[in-house]
Each structure stands twice: as structure tokens, then as C-alpha cells.
Amino acid sequence: MAAAPLTDAFYRTLFNLSGQTVLLTGGYGHLGQAIAAGLLAHGARVVVLGRSLEKFTKIFAEKPDNLHFIFCDVAETASVQAAFRQSFDLYGPPGVLINNAFYSRGQQPDALPDADFALGLDGSVGTAYRCLREVLPYLRAAGGGKIINVASMYGVVAPDFGAYAEAPQFLNPPHYGAGKAAMIQLTKYFASYLGPENIQVNCVSPGAFPSDKVREHAGFEVELRRRIPLGRVGEPQDLAGAFVFLSSAASNFVTGHNLIVDGGWTIR
């Protein structure tokens, strides 16, 4: 029997996130703020998981009713478990998990101590695996859900070292790129593994999205723009649509995908 024809109402609500609870790690950072804002604008309840209520309160001074904070240290399994349990008790089952948190230490490419290299890998991809593993019981009990990992264009291409001549302090170190490449593969692995359970796993890879502090070095931003076909660096709001799409019904047949949002940097 043929499926019933879809109505206009279906298409009008493709991006509607009302009734969805989204867990967002790293939600008050440079890019996390815009991710949260996009989701909130489409009706989602956003639960920011982080270590600093003070930073959360400062960033979201005018907090909407559908935005919440729960303490969570993504480096510690027990903390992740406690945060997910608290969110479930307060707001019900999550529909979406966004793994955006990140930490690292050390930068000199050929002189990283073992401990720094290991910490950087954990901060780039270990955090995502930890959160993915611990959210699965909730998604399985709900009959499905969506997981969105945040990687980087440096998980796809090596840095253009010439761009960093103006500002070597901003060079992405090797454990960052290696971890983000692993994040993309982790996404594909679990998209395949969890697909039969109606759990979609996708990835977003931002390109050059320099913070305000980085942009104080005008020469460095010029070098970045020269390498981007669209001729400008990314603004945080340029990322919001990718997360709304991957969180919503509009992406219900998308899994294992790495959505690169880089102004065209990686096509050359």
C-alpha cells in the first residue's frame, strides 16, 4: 500500500524542535552560544552541560525559560552519568545529544609530552565517546534519537602552515587534528552500529571561526580570508543552521554524515 500523501503542515514543521530536549556540551563557548541560540529559536529545550554556572549565567544573561544548566565535567564518566540522570529526572528523555565540549594542552608539533598528546586526544574525541556511551540507555528507551559530534576541518585536511606565520600561537597542534579525524570516524562507526535502533549519528566540521581575541590579530584574519573561497571567516551564527537541521525531522534520513561548514576552505 502506498504511503499517505504528506500535507503542507508536515513540510512547514520540518525544522520545528518543540518538545525536543537537546543536551549540549560546551554550550557557553564561542560557538556553543550560537548553537544554543539556533536550537532555542526553533523551540527546543536546551540543557547546557558544563562546569561553570558563573560563565553560563554571564553568557546567557537574559535566559529564556527553555534554557537550562546542569553541572557536568565531560572528562569524568561519573559526572556525565550524574548530569544525564539529573536532566532525565527534570526534563524527561533527551531527543538529541550534541558533543561540542573540547579541551587540550600543548602546542609545539614536534615536542609534545606524552601526557599532553593523550590529554588532547581525549579532549577532542574521548569526551564525545564518553557522552555517547552514557546517553544510549536514554535514547534506546525512547526508541531513537540523534547524536551530533563536533569535529573540525582539520580532521579532514592538514593545517596550511603559511597561514600561521602571522600568528604561530594559534597553530592547531597535531593531537587536535588527529582527534577530530577520529571524531569523524567515530561518527561513521556509530551511525552504522546504531542505525538499526533508529539512532542517527552525524558530525559537523567547522572551518575558520576565530574568536574575538584571535581576530585582534588583523594580519592573521587576512591570511585566513585569503584561503577561503567565500572571502571571509566564519561567524558563530553561520553554524546554527547546521545543528538545527541535524537535530530536526528535516534530517531524518541522514546519518554518518560529516557536514563541513568552512566557507569552501577544504574544496581546494
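Trainee: How much space lies in the largest pocket?

Mentor: About 1400 Å³. That volume is the space filled by probe spheres set on grid points joined across faces, edges and corners. The model is predicted: local features need pLDDT of at least 70, side-chain atom pairs count only at pLDDT 80 or more, and totals for chains, interfaces and linings use all residues. Side-chain values use heavy atoms, leaving out hydrogens and water, and residues are numbered from 1 along each chain.

Trainee: What makes a set of points a pocket?

Mentor: On a 1 Å grid over the protein atoms alone, a 1.4 Å probe is used; a pocket is an open set with protein on both sides within 12 Å along at least five of seven lines. Lining residues have an atom within 4 Å of a point. Here 46 residues line the largest pocket, and His30, Leu31, Asn100, Phe102 and Tyr176 are the closest to its centre.

Trainee: Which classes make up the lining of the largest pocket?

Mentor: 26 nonpolar, 16 polar and four charged residues. Ala, Val, Leu, Ile, Met, Phe, Trp, Tyr, Cys and Pro count as nonpolar; Asp, Glu, Lys and Arg as charged; the others, Gly among them, as polar.

Trainee: And what volume has the second largest pocket?

Mentor: About 160 Å³. Its lining divides into two nonpolar, 10 polar and one charged.
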